[in-house]
Amino acid sequence: MARKIKPRTPPVADELAVLQPTSTLPLGDRTVIVRELGFFESLRLHESVAALVGDLVALTEDGSVDLSRLHRVCALHPDATVELLAQTSDQSVEWVHSLNAAHGDLLLMTFWAVNADFFLQRVFSALELQRQGAAANGLESSPL
C-alpha cells in the first residue's frame, strides 16, 4: 500500500549551526566571524591541518585534548596555526600577527571551539589506525 511522504522541513537554526558552526566575536575595531574549515579548504591547507593533528595524536592516547595540549600544539606550529586562524576568520595572516595577546587568545579559543569536531574526528581516526596497526602486528598485550 502506498503512503504519502511528507516533504522535509528545512533545518532550524540549531541544526544549521551543527552543519556549519560559526561564532562571531569583536576583536578591536572589527567584528570577526570564525567558521569551521570546509572540505576543500582542508585539502588546500592539508600540511597545516596535518601538523596540528599529528601532534594532537602524539600528545594523547585516548583522544582527550585539554587546553594545555592545544596551546602546546599551537606553539609547536605557529605558522600553521596563524594560517588556519586567518583562513577561518577570513582575515589576513598579517592581521592575525598584529593581534595583541588577549585578542589572539580569544581568536584561538574561538577557532578551537568552532573547529573542535573537525580536528577531533581526524585525531580519533588516526588513533584508531594506530590501534589497528598495533593489533595487526601483535603488539597488543594479551591476558595470561
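Helix α3 (residues 46-58) and helix α5 (residues 78-89) have axes that come within 9 Å and cross at roughly 120°. Axes here are lines fitted to C-alpha atoms, for helices over the stretch in contact, and angles run from 0 to 180 degrees between N-to-C directions. At this angle α3 is therefore oblique to α5. Angles under 35 degrees count as roughly parallel, over 145 as roughly antiparallel, 65 to 115 as roughly perpendicular and the rest as oblique. The crossing of α3 and α5 is left-handed, a label for a near helix turned anticlockwise from the far one by less than a right angle, with right-handed used if clockwise.

The model is predicted: local features need pLDDT of at least 70, side-chain atom pairs count only at pLDDT 80 or more, and totals for chains, interfaces and linings use all residues. Residues are numbered from 1 along each chain as its sequence is written, and side-chain values use heavy atoms, with hydrogens and water left out.

Now the residues between these two helices. Ser48, Val49 and Leu52 of α3 meet Ala80, Thr81, Glu83 and Leu84 of α5; contact means heavy atoms within 4.5 Å. By class, 4 residues here are nonpolar, 2 polar and 1 charged. Ala, Val, Leu, Ile, Met, Phe, Trp, Tyr, Cys and Pro count as nonpolar, Asp, Glu, Lys and Arg as charged, and the others, Gly among them, as polar.

The axes of α4 and α7 come within 12 Å and cross at roughly 110°. That angle makes α4 roughly perpendicular to α7. Their crossing is right-handed. Leu67, Leu70, His71 and Cys74 of α4 touch Asp105, Leu108, Met109 and Trp112 of α7.

Trp112 also belongs to the largest nonpolar core, which has 30 residues. Such a core is a set of buried Ala, Val, Leu, Ile, Met, Phe, Trp, Tyr and Cys residues joined through side-chain atoms within 4.5 Å. Leu84, Leu107, Trp112 and Phe119 touch the most other members. The largest share, 9 residues, comes from α7. Leaving aside its neighbours within four places in sequence, Phe119 contacts Leu37, Val49, Leu52, Val53, Leu84, Phe111 and Trp112.

Finally, the whole chain. Its secondary structure comes to 7 helices and 2 strands, DSSP runs numbered from the N terminus (helices H or I, at least four residues; strands E, at least two). Of its 144 residues, 32% count as buried, meaning under 20% relative accessible area, with exposed over 50% and partly exposed in between (1.4 Å probe, protein chains only).
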